[in-house]
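I am opening a notebook on a structure that is new to me. The entries below record what I looked up, in the order I looked.

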Amino acid sequence: MKKFYRIDYKGSPRHAIEDGGTWRLVEGDLFGSHRSGEEIAPAGHRLLAPVLPSKMVCIGLNYKDHAAEQNKPLPASPLMFIKPSTSAIGPDEAIVIPSGIGRVDHEAEVGVVIGRRARHVKEADARGYVLGLTCFNDVTARELQQKGAQYTHAKGFDTFAAIGPCVADVDYQADGGVGVQGWVNADKRQDSSTQQLVFSIDYLVAYITRVMTLLPGDIIATGTPSGIGPLQPGDRVTIKVAGVGELTNAVTGEQV
Ligand code: MG
């Protein structure tokens, strides 16, 4: 399985491909014409957010267990919202909680990274538009979410979309689904699988691209399973997606 990373290489951001334990720099555009270049060490690189999405299209209430936890009926169609590109951070960057916004929660999610321009994609063709999966933390100001009719305020803060550590070419269509977990410090708080999804990844690609064009590097955050809970400054929050790896971010309070 191939994994695509973005690393700080001698002071510049570069994409790298890991395949069977061997790391090589990408020469050219990962989403366009490129080839594998120089072999580099398999460890010791500072990891950056693996892609720079123009937008992150997120789906709410897409796990049967989470809808039950929120005492909400399953949606008849995907509940869709957008996180701004400016909310994205990578591995080991801090999630910064502004003061005075009330409870802030982690949401462990499977992120789907789009590999090529996608518009009016048929569900049966969706896999060909997906570069791979990543770990996604849809950090949410829960009290603001419950107060507002729209989610932009509650979910759009800078640093509230953690992505990484890589994009992995996971066979998400395989029987058994893809496991997703959320950990805070040493506590496993969320543990589920894409088998619990109300709307499948391929269905979402088709549904969203009937509305808008998805560009290379855009991310679909597919929803969170049950077990959401609050984050506090000083916590370390980890999202694990099977086949992708682990994404850890420290939580801090805002110093204004
Ligand atoms: Mg979410």
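Entry 1, terms. For sorting lining residues, I count Ala, Val, Leu, Ile, Met, Phe, Trp, Tyr, Cys and Pro as nonpolar, Asp, Glu, Lys and Arg as charged, and the others, Gly among them, as polar. I also note that this is a predicted model.

I searched the whole structure and found one cavity of 30 Å³ or more. The largest cavity holds about 130 Å³ of space. I counted 16 residues in its lining, and Gly-60, Leu-61, His-66, Glu-107 and Gln-145 lie nearest its centre. By class, the lining of the largest cavity comes to four nonpolar, six polar and six charged residues. I then asked which helix and which strand each supply at least two residues of this lining. They are helix H2 (142–147) and strand E6 (56–60).

Are Glu-109 and Asp-138 buried or exposed? I find both Glu-109 and Asp-138 buried.

From strand E12 (residues 130–138) I moved on to E14, with which E12 pairs in the antiparallel sense over five bridges. In this pairing, Asn-137 has Ala-162 of E14 as its bridge partner. Ala-162 also stands opposite Ile-89. Strand E8 (residues 88–89) runs parallel to E14, and two bridges join them. Strand E1 (residues 2–9) is joined to E14 by two bridges as well, but runs antiparallel to it. How many of the eight residues of E14 (residues 161–168) are buried? The count is eight of eight, which makes E14 mostly covered.

Last, I looked up the largest pocket, with a volume of about 170 Å³. Its lining includes Tyr-172, Gln-173, Ala-174, Asp-175, Gly-176 and Gly-177. Thr-194, Gln-195, Leu-197, Ser-200, Ile-201 and Asp-202 line the largest pocket too. By class, I get four nonpolar, six polar and two charged residues for the pocket lining.

Note on methods:
Residues are numbered from 1 along each chain as its sequence is written. This is a predicted model: local features need pLDDT of at least 70, side-chain atom pairs count only at pLDDT 80 or more; totals for chains, interfaces and linings use all residues. Side-chain values use heavy atoms; hydrogens and water are left out. Buried means under 20% relative accessible area, exposed over 50%, partly exposed in between (1.4 Å probe, protein chains only). Helices (H or I, at least four residues) and strands (E, at least two) are DSSP runs, numbered from the N terminus. Two strands pair if DSSP finds at least two bridges between them. On a 1 Å grid over the protein atoms alone, a cavity is a set of points where a 1.4 Å probe fits but cannot get out, and a pocket is an open set with protein on both sides within 12 Å along at least five of seven lines; lining residues have an atom within 4 Å of a point. Grid points are joined across faces, edges and corners, and a volume is the space filled by probe spheres set on the points.
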